[in-house]
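Trainee: I have a model open and would like to learn how to read it. Where do we begin?

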Amino acid sequence: MSGTTRREFLGTAAAAGGGVALGTPERASAEGGSTPQSVAVLGGGVAGLTAAHELAERGFRVTVYERKALGGKARSMDVPDSGTGGRRPLPGEHGFRFIPGIYHNLPDTMRRIPFPGNPGGVHDNLVAPKEMLFARSGGREDIRIPLPWPDNPPAELTPDEIRRVLTAVLDTAFNLPLHEALYFANRLLVFLTSCDQRRDTVWERTPWWDFVRAGRMSYDYQRVLAVGITRNIVATKAEEASTRTVGTLLEAFAFNLLGRGADGPLDRILNAPTNEAWIDPWVTHLKSLGVEFRVGWTVRDLTLAEGAIAGAVVEDPSGARRTVTADHYISAMPVEHARRTWNSAVRAADPQLAECDRLETDWMTGIQFYLTERTPIVHGHLDLIDSPWSLTAIAQAQHWPGHDFPADYGDGTVVDCLSVDVSEWDRPGILYGKTAKQCTRTEVAREVWAQLKASLNDSGRTVLKDSVLHSWFLDPAVDGLGTPHPVNDEQLLIHPVGTFHHRPRSATKIPNLFLAGDYVAVPIDLATMEGANSSARQAVNALLDRTGSTAPRCTVTPLYRAPELEPLRRHDRTRYLLGLPNAFDIG
């Protein structure tokens, strides 16, 4: 069990110091004769399940091969040996779910997954937190921000209106000096009005830290707008993160904040553990569409014959190797796993596969603390912006109506789950002076708990009490902590400068091989469930094009861009071609 009891934890810490039928697109018979064509989907995360969903609705025979568990990094999981007296095991997870209103493709899929009593399917299980908290340490006042969903978006969207709104938000919410709030708002305006060519070249090569001139700004500016954004949202370092990637994300969030071009509120989460609210109903629905699943099957290699994939070499749950065959193959594994299956012959057939070796991943991993009392820190996410390990968290029970922790989960004493994401694994902590990778699993838990208390118990209030800590659960994908060779089996794609141009397309030069995953070039350009979903739709469309299918194509909705700014982007294209900076770029 990847956890410990409260007594063990505190002792060692002290020593250390009803079904609904939903409408779906008409199932079209796959082309190629009376027998439907077969597709092997290699990987059962969000990308793989999305590909299976779209293919099954179009009449293909689909088999999904997944090495570990369906849902991938998005899934929730049972804490071993934690349920007693007929109760469910405590819910653990790789990290808490965050499904913002800027997403469009993933919500569309969720609406097409039936859920008992929900007219809108699984999508109706999304709830909007009311606020978020930026917690400070050292006795500094925490910053609590309400998250209203605007009913009356601005009638006119001009550069001045955008600058005014953003400056007001930054100045009011974060108490930044006015000149710094103005400067950051102007930098974001530069990005919003930049043409695609400038974004893809200049801003792709510019680190976010440099773009926002963080080195000359205050500590708060650096922690909130440079480090906070990059480590807590895109899990990469501000000094390395591509401005193109970070800016693209902030562009969508800014318009979401203004009530423009969004599927829903800025912040949304599920109203139950992920598998209950989403993954399990999805798998059930896919099985009803004829999808078959092989869980515990690990893809080891792809064999090439006469220029096409002839089979996938897999290792079954017993450890035996076998070759599975299909008409088409969609590789839907994370990039660090997918590229291991591309041998020299496969790579030679499509040079873009070798480019994927230059993509980078990093650690962003979750730990859950189970509590015997409700801890109403904030009705939503909290960001511990001064924490060395860049912690973000959410107290989940308040968002799970109908789930009674004492009655339903654990041993009858747990009433809340504080789920924490650790984004920085290479910086010393406050308890041991070691990085997270250098700590043992227990030391990681003690250190995270200490950093939580340092930010939440520093203003004369005791928000987190040692006496309410029941146990903890650290993502089992992390292993070897405290040894010279720590490993993380489920890392996250990061976005250092220049890596956008190494991301592959969904269609490969191998006629029956297609790629899906958040590393594939997609409109959102970010390691997200939305990116995984979008890439799977692109892969299915590429497969349909290759086969000449008449089935309807999947929609792939890009992130919102305000049409009012299009003339300014066209003007910037002219300036870019003339070698001039953006008109708003005052340095």
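This is a predicted model: local features need pLDDT of at least 70, side-chain atom pairs count only at pLDDT 80 or more; totals for chains, interfaces and linings use all residues.

Trainee: Now a helix. How many residues of helix 15 are buried?

Mentor: An α-helix has 3.6 residues a turn, so residues three or four places apart point the same way. Helix 15 covers residues 441–456. From first C-alpha to last, helix 15 reaches 23 Å, close to the 22 Å expected. Of its 16 residues, 13 are buried, so the helix is mostly covered.

Trainee: Glu447 lies in that helix. What is the nearest side chain of opposite charge?

Mentor: Lys434, and it is 8.6 Å away. Glu447 is buried yet has no salt bridge. Beyond four places in sequence, Glu447 touches Trp389, Gly429, Ile430, Leu431 and Tyr432.

Trainee: How many salt bridges does the whole structure have?

Mentor: A search finds 30. Look at the side chains of Arg112 and Glu57, which meet at 2.8 Å, N to O. This pair links distant parts of the chain, 55 residues apart. Arg112 sits in the loop between helix 3 and strand 5 (126–127), and Glu57 in helix 2. Arg112 and Glu57 are both buried.

Trainee: Which residues join with that pair into one network?

Mentor: Salt bridges with shared partners connect Glu54, Glu57, Arg58, Asp108, Arg112 and Arg537. Now compare another bridge. The side chains of Arg260 and Glu564 also meet at 2.8 Å, N to O. Arg260 is in the loop between helix 9 and strand 8 (269–270), and Glu564 in the loop between helix 16 and helix 17 (566–577), so the pair ties together parts 304 residues apart in sequence.

Trainee: Is Glu564 buried or partly exposed?

Mentor: Partly exposed, with a relative accessible area of 32%. Arg260 has 14%. Buried means under 20%, so Arg260 counts as buried.

Trainee: On to strands. Which residues of strand 16 lie on each side?

Mentor: In a regular strand the side chains alternate between the two faces of the sheet. In strand 16 (residues 381–384), His381 and Asp383 lie on one side. Leu382 and Leu384 lie on the other. All four are buried, and both faces are covered.

Trainee: How do the neighbouring strands run, parallel or antiparallel?

Mentor: One of each. Strand 6 (residues 131–135) runs parallel to strand 16, joined by three bridges. There, Ala135 has Leu384 as its bridge partner. Strand 17 runs antiparallel to strand 16, joined by four bridges. Leu382 stands opposite Ala393 in strand 17. Strands 16 and 17 form a hairpin with six residues between them.

Trainee: And Ala395, where does that residue lie?

Mentor: In strand 17 (residues 391–395). Ala395 is buried because its relative accessibility is 3%. Leaving aside neighbours within four places in sequence, Ala395 is in contact with Thr375, Asp416, Cys417 and Leu418.

Trainee: Last, backbone angles. What is the phi of Asp81?

Mentor: Most residues other than glycine have a negative phi, and most peptide bonds are trans. Asp81 has a positive phi, near 60°. Asp81 is in the loop between strand 3 (76–78) and strand 4 (91–93), and is exposed at 74% relative accessibility. Arg213 also has a positive phi, about 55°. Arg213 lies in the loop between helix 7 (208–211) and helix 8 (219–233), and is partly exposed at 21%. In the hairpin turn, Ser390 has a positive phi of about 50°.

Notes
Residues are numbered from 1 along each chain as its sequence is written. Side-chain values use heavy atoms; hydrogens and water are left out. Helices (H or I, at least four residues) and strands (E, at least two) are DSSP runs, numbered from the N terminus. Buried means under 20% relative accessible area, exposed over 50%, partly exposed in between (1.4 Å probe, protein chains only). Contact means heavy atoms within 4.5 Å. The expected span of a helix is 1.5 Å times one less than its number of residues. Lys and Arg count as positive and Asp and Glu as negative; His and the chain ends are not counted. A salt bridge is a side-chain nitrogen of Lys or Arg within 4 Å of a carboxyl oxygen of Asp or Glu. Two strands pair if DSSP finds at least two bridges between them.
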